Amino acid sequence: MILFDLLFMLLVAYITGFLYYGLYRNITARFQRRLGPPVWQSFLDSIKFFSKEESISHGWMFYLGPVIMMSGAIMTLFFIPLFHTGESFKGLSSYGNLFLVLYLLVLGALGNALAVGASGNPFGVMGVTRGLSRLFALELPFYISVIALISVSGSADIVCIAASQTEWNAFAYPLLFIAALFSFVGMMGQAPFDVVGAPVEVYSGPASEFSGKFLALLMSQSAIFTFAKLVLMVHLFLGGASGFVELLAKSFGLFLFVIAFGAMYGRFKTPQSIDFLLKVPTSIAIVGLILATWS
Amino acid sequence: MFSEIKNRFATDDVEVKRKGLYKVVVKHERLFALIVMLKEMYDYKTLNTITCTDWIEEGHFALTYIMTTLKRNETFMLQTMILREEAHTKSLSYLFKQAQIMERDLHEMYGIKFEGNENLKELSLENWVHTPPLRREFDTLEFVNNHLTFRDGRDDNIDTKAESKRLRAIKKAEKEAAKKAKESKKAEDVQ
Amino acid sequence: METGFLQEQKVLEGDLNSENSHQNSVDFLMNWFRKQSIFVLAYGTGCGAIEMPPTFTSRYDAERLGIRGAATPRQADVIIVSGYCSYKTLRRIIRTYEQMSNPKYLLALGSCTVNGGMYWDSYNTIKKLEDYLPVDMYVNGCMPRPESILEGFIALQKEIGEGKASSWQKYEENYEFYRKNQEAVLGKKVEPSYEADWYLYEGGL
Ligand code: SF4
């Protein structure tokens, strides 16, 4: 039964992730006053990349990197329940709590760094160093707000946190939500924190040496991972979901906000983004933590 | 300034092309002394460019050094001749840093050797083994015909000039014939 | 009967409107996916490169056809040779082309790639691109407008969909022929050196 659950979750994440990514491209195109590709374009891209021949080899670590990323994304997905009510689609969430999920969130970046390091592509290495240094700054405000939530709801279980909200956490603790949202924009690789894969500067950064099937794997990974992160945010701040419609509506709303935010802003340099993340969202998160746990 | 140049460097008169643009032809031995003088005493601090003209009939290259002073907004062109066969002169890179790359370019395109320039590697051609391409004895068309393949033209390709001539001749003949016919008709009518 | 370039263009374009394609269903599906998603290497040679930004950005928006820019040759499907190529550029194009992974396509823009264009008597540019690299589709004009580039892309898509665009196989099969031609103009050492010595060492640029 649980196997069926997991497979179904994977399928949902895969399809929704690609759909969201296609919508992302389409909506950004509308922001730029053009038609944009059809919604299923990213799916076509990934299938095409799976059908390409592979002609490079950089040793086994290079092959292993995308696999690590993929498994990181899938594990993250499995440990996050889709709904906080009912029995089904809980995945493995009863075996691991929020701390595990937070750990799994960085596994992808780690795998990427290992693979790119093995490939030796200078642009890839540049992108990875940017990514890792930004990652630390990114996680600080997110962790602080998550810890505040855990202490408020008295549990590190995602289902409990989602279920314990009478009023949405986003409205009950707006400061925590804002701080986490900044990190979330960065985690989704959106402007102004998109310096990692900046196409005009470092030739798509960490992905520059990956071709064909690796790239397809990376695309699927990012689609699944995006969906997992969205579900996590919905559970932590937006009151969870008890049905597909609610889940899709909430996650899509969040996604739309992130896209719009990204389309509006230019790009921070690496030091700028670290500076900003360590100063503004972190201090907001700390203030939020104090306010939330005061009484 | 002009008379000083004329007397000290045994040149012709300095030619004033227009206001603020002067040109003088100077012997090769005295060129560098003149450049130093212009730079140190008359504030010509900028070397704009070094150009070369190939006088193949006379057997020499004309090197032109163009210098500018921003202080008075004046430009000085110094021309000197060097022999084509030797194509050898001294580098100016110890005076002006930018001369290094200009000389590298001239070396590549004309094969002029600049003594004292530490890097005369090719700039935009790679592994070029033929005559330097801007020398006039280098026949571009011949080179292209020998080294590169062209796409064949169409079979019904026609020489447009000859064709238009032929068409015009035909038209003219037709016109004349028509005229003649008309005249003969008129004559008949009159009769 | 048409001869010369017109005929070659006909052969290249194939009989695009004919229905008879001999491919099994898997190939057909794969080709359909390939045709729908084309990643173009962001690389320009010659003046034609200036028409590519409008093609890919808001004004002409090639993305609605699934045509999208790719940053590195590893991810690209199509390389556009957008105009005259001097020997120095040709070296880089050959290196880039060989870095791309199969299946890959080459689109040539402008009359310079067809027969030398207005650089027909230049000592430093090649005249006929297909001697050195296999060409899938020519777009002629000097320079082709974004509309014609898009038209070329659509023709290429059609060819890919019918499984006829197979220049990369041609390149592998006739490698000796292409290599001989490349060496004839570029000398024995065709590829540029990997080291950055051309600007770092010996005084450099
Ligand atoms: S065909 Fe015309 S526009 Fe294109 S590269 Fe040649 S000269 Fe330039």
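This is a predicted model: local features need pLDDT of at least 70, side-chain atom pairs count only at pLDDT 80 or more; totals for chains, interfaces and linings use all residues.
Mentor: Residues are numbered from 1 along each chain as its sequence is written, chains are lettered from A and ligands numbered from 1 in the order in which they are written, and side-chain values use heavy atoms, leaving out hydrogens and water.

Trainee: Thanks! Why is A:Pro141 called buried?

Mentor: Buried means under 20% relative accessible area, exposed means over 50%, and partly exposed is in between, with a 1.4 Å probe and protein chains only. A:Pro141 has a relative accessible area of 0%, so the residue counts as buried. You will find A:Pro141 in helix H6 (residues 122-153) of chain A; helices are DSSP runs of H or I with at least four residues, strands are runs of E with at least two, and both are numbered from the N terminus.

Trainee: What does A:Pro141 touch, not counting residues up to four places away in sequence?

Mentor: A:Ala179, A:Ser183, A:Leu277, A:Pro281, A:Thr282 and A:Ala285, where contact means heavy atoms within 4.5 Å.

Trainee: What makes A:Val159 buried or exposed?

Mentor: A:Val159 has a relative accessible area of 17%, and the limit for buried is under 20%, so A:Val159 is buried. This residue of helix H7 (residues 158-163) of chain A touches A:Pro81, A:His84, A:Lys90 and A:Ser93, leaving aside residues up to four places away in sequence.

Trainee: How do you know that helix H2 (residues 41-50) of chain A is mostly covered?

Mentor: Eight of the ten residues of H2(A) are buried, among them A:Leu44, A:Ile47 and A:Phe49. Their cover includes H1 and helix H11 (212-237) of chain A, together with helix H2 (25-36), strand S1 (38-41) and strand S2 (67-70) of chain C.

Trainee: Why are H1(A) and H2(A) called roughly perpendicular?

Mentor: Axes are lines fitted to C-alpha atoms, for helices over the stretch in contact, and angles run from 0 to 180 degrees between N-to-C directions. Angles under 35 degrees count as roughly parallel, over 145 as roughly antiparallel, 65 to 115 as roughly perpendicular and the rest as oblique. The axes of H1 (residues 2-31) and H2 of chain A come within 7 Å and cross at roughly 115°, and therefore the two helices are roughly perpendicular. Residues in this contact include A:Tyr14 and A:Phe18 of H1(A) and A:Phe43 and A:Asp45 of H2(A).

Trainee: On to chain B. What makes S1 and S3 edge strands of the sheet?

Mentor: Two strands pair if DSSP finds at least two bridges between them. Five strands of chain B form an open, mixed sheet in the order S1-S2-S5-S4-S3. S1 and strand S3 (46-55) of chain B each have a single partner strand, so one side of each is left without a neighbour in the sheet.

Trainee: How do you know that S2(B) pairs with S1(B)?

Mentor: Three bridges join strand S1 (residues 15-18) of chain B to S2(B), and the two run antiparallel; B:Val16, for example, stands opposite B:Tyr22. The two strands form a hairpin with two residues between them, and B:Gly20 in the turn has a positive phi of about 85°. S2(B) is also joined by five bridges to strand S5 (residues 74-83) of chain B, running parallel, with B:Met77 as the bridge partner of B:Lys23.

Trainee: Why is S2(B) called mostly covered?

Mentor: Four of the five residues of S2(B) (residues 21-25) are buried. Helix H2 (residues 28-41) of chain B lies across S2, strand S4 (60-69) and S5 of chain B.

Trainee: And how many helices and strands does chain C have?

Mentor: Nine helices and five strands. Of the 205 residues in chain C, 53% are buried.
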